[in-house]
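Work through the exercises below with the sequence and the model open. Try each task before reading its solution.

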Amino acid sequence: MLIKLSGGTVYDPVHGINGEQRDIYIQDGSITRKPAASVKIDKTYNLNGKIIMAGAIDIHTHIGGGKVNIARMMLPEDHRADPVSKTKLTRSGCGHAAPSTLTAGYRYAEMGYTSCFEPAMLPANARQAHMEMADTPMVDKGAYAMLGSDDFFLRMLAAKQDREAISDYVSWTINATQQLLLKLSIQVELMHLNSINVN
Amino acid sequence: MKTKTQQSVVIKDVPCPFCSLICDDLVIQNKEGNLTVKENGCARANTSFGQLVVEHTPTLKGKHCSIDEAIEAAARILKQSNAPLFAGLGTDIGGMRPVMQLADKIGATIDHMHSDGAIRNTLVLQDLGWVMTTMSEIKNRADFIIFAGTDTSNYSRFIERVIWNKDSLFSDPEERKIVYIGDKLKTSAGKSPRGKLPTVLKCRQEEINEIISVLHAIIAGNNIQQAKIAGINLSTLQKLAEQMKQAKYGVIVWASGELNFPHAELTIQSICELVKYLTRTTRFAGFTLTGGDGVMSANSLSAWQSGFPLRVNFSLGFPKHDIGRNSTKNLLKNKEVDTMLWISSFSSNINPPEAKIPSIVLATPGTQLNFKPDVFIPVATPGVDHSGQLIRTDSVVSLHLKKLRDSKYMSVSSLLNRINELV
């Protein structure tokens with residue numbers, strides 16, 4: 001499917017485009033060059049007066065998982081002070097420091113984010129983190145497996161287990177919990193980042 | 001894994017949805033839709049999985065109707081409501097999601113049948129917080145366990161799976177010290193495999209707080225003048241306090257639903273403050289046994305989707321939290337709701353309160369009501385008739401429930417989605 005976004009004002013710092021009115025073409029979900037005049041465009045969206053930017057990515061945002069939910073439960077005053085009413089298209093919610101999931105998704109979209117990543121998914125709690133992220137609308141989501149304080153992982157390090165064994169455990173964890181990558185605390189990162197090779 | 005023998009199928013690693021432990025090692029035989037627990041069950045699992053498949057049709061004020069008629073009637077009643085109450089909420093994550101969506105849409109109040117217990121814990125979490133542990137950690141590390149106000153008999157396999165579990169990784173279960181504090185507790189399960197008896201401090205449930213507080217005072221180095229505390233000798237408590245200080249990984253277990261007296265949350269808070277004090281010098285943690293019927297899931301999902309745990313009201317277009325006002329009991333008593341939608345999908349022997357307002361009841365087939373609701377719709381059981389998710393009592397672990405057999409009944413989730421389209 002070929003889509004044309006016409007007349008929007010484009011900001012693309014990476015390519016040095018600083019507020020130029022341009023048309024953007026999207027073929028089957030990927031941005032592509034302007035097609036030949038003979039090619040049929042399936043759908044055009046008129047974006048005159050609108051700004052087009054790449055969606056922002058928040059690589060470290062606590063949007064899901066047991067600990068975020070504990071935070072929500074522990075902040076009734078914060079939540080009472082920040083109610084978000086439902087609208088025709090959106091559901092209600094509340095909260096400033098640890099908002100409800102729907103509110104978090106909407107706010108991220110309002111700010112121009114398209115991807116958010118939960119940086120501290122406890123492997124044992126992965127299922128709930130995924131459920132909370134599934135209830136966060138609008139943005140793409142992912143998470144990092146927090147192993148910096150994982151007992152088994154730390155025992156392997158302390159016992160100087162070989163790299164293969166550690167990599168296997170980390171890979172298994174990332175796969176089993178359907179996460180993107182590994183997350184370690186700063187101290188462990190500095191000590192071991194060079195010596196661990198994760199596929 | 002499944003093996004087929006004639007018309008029966010054996011399914012392994014079945015998670016049990018019938019209490020908040022969600023034991024996931026059950027072996028279930030399915031013979032033409034009738035289920036028998038073959039291994040790793042308990043009395044509750046045996047009864048619940050063994051509930052016979054019964055014929056139950058939807059009804060309108062007691063008269064049989066089609067499912068479509070029932071759905072339309074339910075939607076009509078909800079549309080006309082100015083102050084709906086969604087109560088019971090005995091369902092899984094999948095069923096709770098459309099509950100939240102519908103509640104937001106029509107301005108309902110949501111409350112779970114077991115929320116009294118959940119709220120006692122919420123109040124403690126919100127006030128001074130706590131340090132908690134999981135079933136796995138207790139199994140692997142605990143050397144000292146206090147059961148405060150519960151003997152865990154409502155959670156049949158807790159002691160077998162978590163306390164006397166020979167697969168403990170870092171501690172010898174035989175070395176575990178067990179203490180019971182409370183009233184009318186059955187303490188035989190606290191006997192170790194080699195016959196070591198637990199310590200039992202008998203007192204009224206309301207006196208547990210006093211004992212915990214005095215233990216805390218002793219451990220903090222205070223001088224207690226009284227010879228007896230809640231009928232227990234001071235010397236007994238002094239000895240216990242010393243044992244607690246020497247413990248390497250202590251746990252205090254309570255069942256929030258079993259501390260059933262006014263302001264029981266203060267007892268739970270005392271337990272949590274004692275736990276926290278002990279963490280200055282050693283490892284200690286709290287552990288709570290929550291109600292079944294999906295209360296942990298309902299509470300958590302309400303918190304992440306609305307921002308508040310139970311009990312939430314959506315009548316102003318945004319969520320409002322009021323644990324006193326928004327209880328099922330008070331809303332019905334004070335006539336603050338004009339319609340009730342009751343959900344209970346795990347067991348057929350749970351009855352909704354009779355409310356003299358239009359009522360829609362979604363319940364397990366076989367449920368015998370002592371009144372005729374405006375709409376009754378029999379619903380499928382999560383973990384039996386359809387797959388789903390439930391959060392376990394320790395809240396860290398969630399389990400995926402299995403579908404064990406085909407069912408003609410709709411899931412709560414499908415039903416509410418249909419009703420949602422019409423409202």
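**Exercise 1.** State how much area is buried between chain A and chain B, and which residues of chain A lose the most.

Solution. Buried area is the accessible area (1.4 Å probe) that two parts lose on being put together, summed over both. Between chain A and chain B this comes to about 2700 Å², with 54% from carbon and sulfur atoms. On the side of chain A, the most area is lost by Met73(A), Arg91(A) and Met131(A), together 24% of what that side buries.

The model is predicted: local features need pLDDT of at least 70, side-chain atom pairs count only at pLDDT 80 or more, and totals for chains, interfaces and linings use all residues. Residues are numbered from 1 along each chain as its sequence is written, chains are lettered from A and ligands numbered from 1 in the order in which they are written, and side-chain values use heavy atoms, without hydrogens and water.

**Exercise 2.** Find how many salt bridges there are between chain A and chain B.

Solution. Look for a side-chain nitrogen of Lys or Arg within 4 Å of a carboxyl oxygen of Asp or Glu. The count is three. A salt bridge joins Arg91(A) and Asp104(B), at 3.7 Å from N to O.

**Exercise 3.** Classify the aromatic pair of Phe117(A) and Tyr144(A), and say whether its residues are buried or exposed.

Solution. Ring centres of Phe, Tyr and Trp (its six-membered ring) must lie within 6.5 Å; planes under 30 degrees apart are stacked, over 60 edge-to-face, the rest tilted. Here the centres are 6.2 Å apart and the planes 10°, a stacked pair. Both Phe117(A) and Tyr144(A) are buried (under 20% relative accessible area; exposed is over 50%, partly exposed in between; 1.4 Å probe, protein chains only).
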